[in-house]
Amino acid sequence: GVDYLKVDSCGEDPPQMTQWDQFSVMRDALNATGRPVYLSVCETAEPPLRKLQRRLRQPGGSVTDAGCGAGVYSPKMWVEDGKDVASLGNSILVEYSNNGNSFAAVKCTIQAQQRLTFDNLTGPGSWNDNDMMTVGCSDSHVNVRWTPCFEPADPLTDVSGRTQFNLFVVQAAPLIMGNDARHMRRSTLETLSNRKAIAVNQDPLGHRGQIVQVLQQGVYAVSYTHLRAHETPEHLVCRLLLEKKKKILQSEVFSSC
């Protein structure tokens, strides 16, 4: 049987129904079978999302100089319209354009998860989807546009591939391979089969990591760390420092915590 179904709007506006209504029809049909099927929703730029695109790209918008492509795939407009996004499917696409085989795409993933979705949309049964990973795409030659493994000028290396994988892990995003599984180097297999990292991604609480600090001029994550229940980033920093104070700091540093 089928365990996973991705419904992709493929860039076309529906002729008579909204995308929400179309995805709802598929969700209801799957539920009627009585068999658990993971439903992945890939929305596109129908009129509400086009408004979001324009809003984000106006002067002062959050992606004016991001260089992350023209597309915006986001559940934000549905949330702002009062819809229960978690009831629509098991994962909702969150990205700019399509994911790609480059470190620039990895940085765009960080920006998308900051700006195009909400923390409470990640949890058991409903996830923010970063699209397919491109770890290992350079292990075999794929030079076809609109595929995740299309070769850019700066394809992922072993190090940047591990960075992408760990980013997906901490963001509690679905770990979907986009590379050719028949042709993987040992280093790629080691990254994709890291049991300890996968255990973090599969944590039953489903909490996604939070950016603790961001550098200026580029949105680079300094620390992507899982928060405990009801913990703020400020509390997290204090906790991490307190856990190490015997080794690195004097007690007076913690007076503000």
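Predicted model: local features only at pLDDT ≥ 70, side-chain atom pairs only at ≥ 80, totals over all residues.
## Two packed helices

Two packed helices are described by the angle between their axes and the distance between the axes. Here, helix H4 spans residues 103-115 and helix H5 spans residues 158-170. They pack at an angle of about 20°, and their axes are 10 Å apart. That makes H4 roughly parallel to H5, because angles under 35 degrees count as roughly parallel. The crossing of the two is left-handed.

Which residues make the contact? H4 supplies Phe103, Val106, Thr109 and Ile110. H5 supplies Ser160, Thr163, Gln164, Leu167 and Phe168. Of these contact residues, 5 are nonpolar, 4 are polar and none is charged.

## Salt bridges

Side chains of opposite charge can pair when their charged atoms come close. The count in this model is 8 salt bridges.

One of them links Asp139 and Arg185, with the closest N and O atoms 2.8 Å apart. Asp139 sits in the loop between strand E4 (127-129) and H5. Arg185 sits in the loop between H5 and helix H6 (186-192). The pair therefore ties together parts that are 46 residues apart in sequence. Asp139 is buried, at 19% relative accessible area, while Arg185 is partly exposed, at 41%.

Asp180 pairs with Arg182, and their closest N and O atoms are 2.9 Å apart. Asp180 is buried at 18%, but Arg182 is exposed at 69%. Shared partners also join Asp139, Asp158 and Arg185 into one salt-bridge network.

Lys83 forms a salt bridge with Asp81, with 2.6 Å between the closest N and O atoms. Lys83 is partly exposed at 28% relative accessible area. Asp81 is exposed at 52%.

Definitions and conventions. Residues numbered from 1 in each chain as written. Heavy atoms only, no water. Axes fitted to C-alpha atoms, helices over the stretch in contact; angles between N-to-C directions. Helix = DSSP H or I, 4+ residues; strand = E, 2+ residues; numbered from the N terminus. Parallel < 35°, antiparallel > 145°, perpendicular 65-115°, else oblique. Left-handed = near helix turned anticlockwise from the far one by under 90°. Contact = heavy atoms within 4.5 Å. Nonpolar A, V, L, I, M, F, W, Y, C, P; charged D, E, K, R; others polar. Salt bridge = Lys/Arg side-chain N within 4 Å of Asp/Glu carboxyl O. Buried < 20%, exposed > 50% of the residue type's maximum accessible area, 1.4 Å probe, protein only.
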